[in-house]
Amino acid sequence: LLLHSCCGPCSSYVMEYLTQYFDITIFYYNPNIAPESEFRFRAEEQERLIDEMGLGVKYQLGKYDPERFFELAKGLEDQPEGGERCFKCYRLRLEEAAKAAKDGSFDYFTTTLSISPLKNAGAINAIGERIGQQVGVNWLPSDFKKKGGYQRSIELSRQYRLYRQNYCGCEFSRRAG
């Protein structure tokens, strides 16, 4: 399973849960995160968590390409979090994850994004399913916030002393926060 991750806190429970069923590679691709120092710090936290949890999860760092995000966000800068800009951002990240999954001959791909109470799991799953069909990789539908998943991610974040950011990642959510 190729697991797109937005950050360590969101991936903590998802890794703990899914390693019961899959060999996992985390794909950290988040061109939306600003500034670059924030992107790098979150990527380092992701790597540290993988190492400290000791679940045998592999790690793949995607390219930091903020121009792609800013191009898709044009005209949507003032939209609130959870709107069309976010849906386009999900699509961008899941397209890259699907391509990486296809290139790596993974059986499935999914994302940690659905663990957040601020993210629309239905929209994420619809986008992932559509992209999976287009690229030719199976999408694993999820809503990881359910059944105590979000609460467990908070517990694991405390246990591993993870940096829990106070905004989604993009410049627009940072300004709104």
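Here's a quick tour of the chain as a whole, and then of its helix H2.

This is a predicted model, where local features need pLDDT of at least 70, side-chain atom pairs count only at pLDDT 80 or more, and totals for chains, interfaces and linings use all residues. Residues are numbered from 1 along each chain as its sequence is written, and side-chain values use heavy atoms, with hydrogens and water left out.

**The whole chain**

- The chain has seven helices and five strands (DSSP runs numbered from the N terminus: H or I of at least four residues for helices, E of at least two for strands).
- Reading from the N terminus, the order is β-α-β-α-β-α-α-β-α-β-α-α.
- Of the 177 residues, 53% count as buried (under 20% relative accessible area, with exposed meaning over 50% and partly exposed in between; 1.4 Å probe, protein chains only).
- The C-alpha trace spans about 40 × 35 × 30 Å along its principal axes.

**Helix H2**

- H2 covers residues 36-53, and its 18 residues reach 26 Å from first C-alpha to last, close to the 26 Å expected at 1.5 Å a residue (1.5 Å times one less than the number of residues).
- Its buried residues are Glu38, Phe39, Arg42, Ala43, Glu45, Gln46, Leu49, Ile50 and Met53.
- Down the axis of H2, these buried residues fall within an arc of 160°, so they line one face of the helix (the arc is that of the directions from the helix axis to the C-beta atoms).
- Turned away from that buried side are the exposed residues Ser37, Glu44 and Asp51.
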